[in-house]
Amino acid sequence: MKTFLGQIAAVGATALAGLLAAPAAHAGKTLDGIKARGQVVCGVNTGLAGFAMADSSGKWSGLDVDVCRALAAAVLGDGQKVKYVPLDVPQRFTALQSGEVDVLSRNTTFSLARDASLGLHQTAVTYYDGQGFIVPAKSKIKNIRQLKGQTVCVQSGTTTEKNLADYSRANDLDIKPVMFEKVDAATSAYLAGRCTAFTTDASGLASLRSGVPQGATTHTILPELISKEPLGPLVRRGDDEWFAVVKWVIYGLIEAEEHGVTQANADQLKASSTQPVVQRIVGTSSEDTGKLLGLDRDWLLRAVKTTGNYGEIFERNVGQKSPLALPRGLNNLWNKQGLMYAFPIR
């Protein structure tokens with residue numbers, strides 16, 4: 001018995017020593033491919049203000065775009081080393097599955113079916129949303145109940161379509177969906193008066209309204225939400241190393257906000273901070289977190305210097321001072337009554 005127990009103790013000690021040694025991560029085929037080509041290939045929306053939109057010169061901006069830029073900064077040292085691939089709803093998952101893109105950062109809802117059946121990994125939530133409705137202000141409609149028996153424009157092949165059908169049936173509203181393959185067609189039909197309302201994620205409704213002349217006074221976003229829509233990037237299954245990089249860059253941007261590391265003060269904190277958490281974020285800690293991800297010590301410092309922390313990304317793209325003027329709400333930090341809770345960088 002003593003010999004047997006001694007063997008168990010020896011095995012346990014060996015396992016513990018292995019954990020404490022914290023070997024460097026193997027890069028993985030996706031990360032190797034990104035480093036070899038010198039570019040992150042990022043699937044984004046074809047055009048959604050606040051999340052992914054190209055201007056007349058082809059420069060992309062938005063919350064989802066900033067995630068791509070942060071990844072490129074962390075992995076390649078330069079947030080400009082991104083190839084943006086605009087994808088419609090029918091294309092988005094196939095493009096990721098086939099390897100056309102490295103990551104899908106395209107206002108995509110996390111759900112059980114998508115997680116379990118598409119061969120993809122959901123990484124970390126970058127925006128907590130919910131499905132809502134927009135109506136012309138002149139309609140005098142103030143709540144969803146007033147849409148009973150009305151037509152609603154919706155994009156087909158989305159969780160939005162299913163949510164609309166489920167909610168209408170559950171609440172005996174007999175809503176009549178008018179479906180379009182492309183979101184631009186759905187919004188154009190709504191603006192042309194072919195439907196009483198248009199439905200999508202509330203952030204998308206704000207994006208639509210911001211692009212309409214005098215939109216804030218001519219269109220009303222109804223106050224109710226009918227679903228939970230946690231949005232975030234997806235990657236292919238089978239490459240845990242790249243999955244970890246994407247996930248931890250997002251967590252790192254949230255952690256940076258929580259601990260006051262900003263685009264403007266990151267270098268100063270690197271030179272002077274004695275706070276252990278801040279030191280891990282800016283790369284001066286004795287703990288080399290980059291080594292665990294197959295990256296260098298300054299991976300997160302570069303991401304923050306490129307895009308700012310999560311709060312800065314939010315405010316610049318969709319916050320109160322942006323054209324969308326969205327409140328932080330659920331997307332505030334966990335210690336400010338929100339849901340943004342990053343796993344610790346350690």
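Author: A disulfide is a pair of cysteine sulfur atoms within 2.5 Å. The model shown here is predicted, so local features need pLDDT of at least 70 and side-chain atom pairs count only at pLDDT 80 or more, while totals for chains, interfaces and linings use all residues. Residues are numbered from 1 along each chain as its sequence is written, and side-chain values use heavy atoms, with hydrogens and water left out.

Reader: What makes C153 and C195 a disulfide, and why is the disulfide called right-handed?

Author: The sulfur atoms of C153 and C195 are 1.8 Å apart, which is within the 2.5 Å of the definition, so the pair counts as a disulfide. The torsion about the S-S bond is about 70°, and the disulfide is therefore right-handed. C153 belongs to strand β9 (residues 151–155) and C195 to the loop between α7 (183–191) and β11 (197–201), so the bond ties together parts that are 42 residues apart in sequence. Helices (H or I, at least four residues) and strands (E, at least two) are DSSP runs, numbered from the N terminus.

Reader: How many disulfides are found in the whole structure, and which pattern do they follow?

Author: The search finds two disulfides, and with bonded cysteines counted along the chain the pattern is 1-2, 3-4. C42 and C68 are joined with an S to S distance of 1.8 Å. Their link is left-handed, with -45° about the S-S bond. Since C42 lies in strand β1 (residues 40–45) and C68 in helix α3 (residues 63–76), this pair ties together parts 26 residues apart in sequence.

Reader: Why is C42 called buried?

Author: Buried means under 20% relative accessible area, exposed over 50%, and partly exposed in between (1.4 Å probe, protein chains only). C42 has a relative accessible area of 0%, so C42 is buried. C68, at 0% relative accessibility, also counts as buried. C153 and C195 are buried as well.

Reader: Why is the pair of W248 and Y251 called edge-to-face?

Author: The ring centres of W248 and Y251 are 5.2 Å apart and the planes are at 70°, so the pair is edge-to-face. Both residues lie in helix α10 (residues 240–258), three residues apart, about one turn of the helix. W248 is partly exposed, with a relative accessible area of 22%, whereas Y251 counts as buried at 9%.

Reader: Why is helix α14 said to be largely enclosed by the rest of the structure?

Author: Eight of the nine residues of α14 (residues 299–307) are buried, so the helix is largely enclosed. Among the buried residues are W299, R302 and T307. The cover of the buried residues includes α3, α10 and α15 (310–317). Just after α14, G308 takes a positive phi of about 85°.

Reader: How do you know that K140 is exposed?

Author: The relative accessible area of K140 is 60%, so K140 lies over the 50% limit and is exposed. K140 is found in the loop between β8 (131–136) and β9, and has a positive phi of about 65° although it is not a glycine.

Reader: What makes Q214 exposed?

Author: Q214 has 64% relative accessibility, and therefore counts as exposed. Q214 lies in the loop between α8 (202–210) and α9 (215–218). The phi of Q214 is near 55°, a positive value in a residue other than glycine.

Methods:
Phe/Tyr/Trp six-rings, centres within 6.5 Å; stacked < 30°, edge-to-face > 60°. Contact = heavy atoms within 4.5 Å.
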